[in-house]
Amino acid sequence: MTFNDGISSEGIPIPSDERLPMDRLELDISDIMTLDTNEDALQFNIAEYYKITFTVSAYTKQENTIFDETKDFVTLGFRLVDTDDIFFGTSEWIYYEEATQIIGQGIISVPSIASAFELVNLSPQTIYLSTPNLKYISSGSYFTNYLITIVIEYLGRQGA
């Protein structure tokens, strides 16, 4: 999970082909994964099957008022670190400079606990992660304005 701390009014910039920030690991009572917040990467502690759903609040800046299908979109991918081995991803057109909730979902097989995974910006330009600032919300809970949420469900192993 990553939440909006209100530091930037336009959001957190993520250049093309860069990892999205992952700051917190919540509710992992079975210790199925390790989060490296310095590298913004996940490693699974059990080599099994997992269903993963991510939600990202993002947008792109537009150079002019005319929609450009070659760059006015956000594309995100869940992949092995520093490879083009995309396990699943999603794309969303951005017609205006407004953040939208982008959802991606997939099932992966983790063959080795040595593998690290990342959520990356695959758009041709910088994207911006943005939600309302927590100080304007009637709750102090960061769960009310997440920029990125990744839900990982353990599915077990084949034949088990």
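The model described here is predicted. The chain holds eleven strands and zero helices.

**Overall build**

- Read along the sequence, the pattern is β-β-β-β-β-β-β-β-β-β-β.
- Along the principal axes, the C-alpha atoms fill a box of roughly 55 × 40 × 25 Å.
- Of the 160 residues, 43% count as buried.
- Take the contacts in the chain with a separation of 6 or more: residues 24 or more positions apart account for 70% of them.

**Surface and charge**

- The chain exposes about 8900 Å². Carbon and sulfur atoms supply 49% of that area.
- There are 8 positive and 24 negative side chains. The centres of these two sets lie 3 Å apart.

- Strand β4 covers residues 41-44. It runs antiparallel to β3, and four bridges join the two.
- Asp40 is found in the loop between β3 and β4. Its phi is positive, about 55°, although Asp40 is not a glycine.
- Is Asp40 buried or exposed? Its relative accessibility is 16%. Buried means under 20%, so Asp40 counts as buried.

**The loop between β2 and β3**

- This loop links β2 (12-14) to β3 (33-36), and Ser30 has its place there.
- Ser30 is exposed, because its relative accessible area is 55% and the cut-off for exposed is over 50%.
- Tyr154 is 124 residues away from Ser30 along the chain, yet their C-alpha atoms are separated by 9.8 Å.
- Asp17 is found in the loop between β2 and β3 too. Its phi is near 65°, a positive value in a residue other than glycine.
- Asp17 has a relative accessible area of 45%, so it is partly exposed.

**Thr55 in strand β5**

- Thr55 lies in β5, which covers residues 49-60.
- With 14% relative accessibility, Thr55 counts as buried.
- Which residues does Thr55 touch, leaving out those up to four places away in sequence? They are Gln101, Ile102, Ile103, Tyr146, Leu147, Ile148 and Thr149.

**Ile152 in strand β11**

- Ile152 has its place in β11, residues 146-156.
- The relative accessible area of Ile152 is 19%, so this residue is buried.
- Leaving out residues up to four places away in sequence, Ile152 touches Ile32, Met33, Leu42, Phe44, Tyr50, Lys51 and Ile52.
- Ile152 and Thr75 are 77 residues apart in sequence. Their C-alpha atoms are 20 Å apart in space.

Definitions and conventions: Residues numbered from 1 in each chain as written. Predicted model: local features only at pLDDT ≥ 70, side-chain atom pairs only at ≥ 80, totals over all residues. Heavy atoms only, no water. Buried < 20%, exposed > 50% of the residue type's maximum accessible area, 1.4 Å probe, protein only. Contact = heavy atoms within 4.5 Å. Areas by Shrake-Rupley, 256 points an atom, 1.4 Å probe, with all protein chains shown as cover. Lys, Arg positive; Asp, Glu negative; His and termini not counted. Charge placed at Lys NZ, Arg CZ, Asp CG, Glu CD. Pairing = 2+ DSSP bridges.
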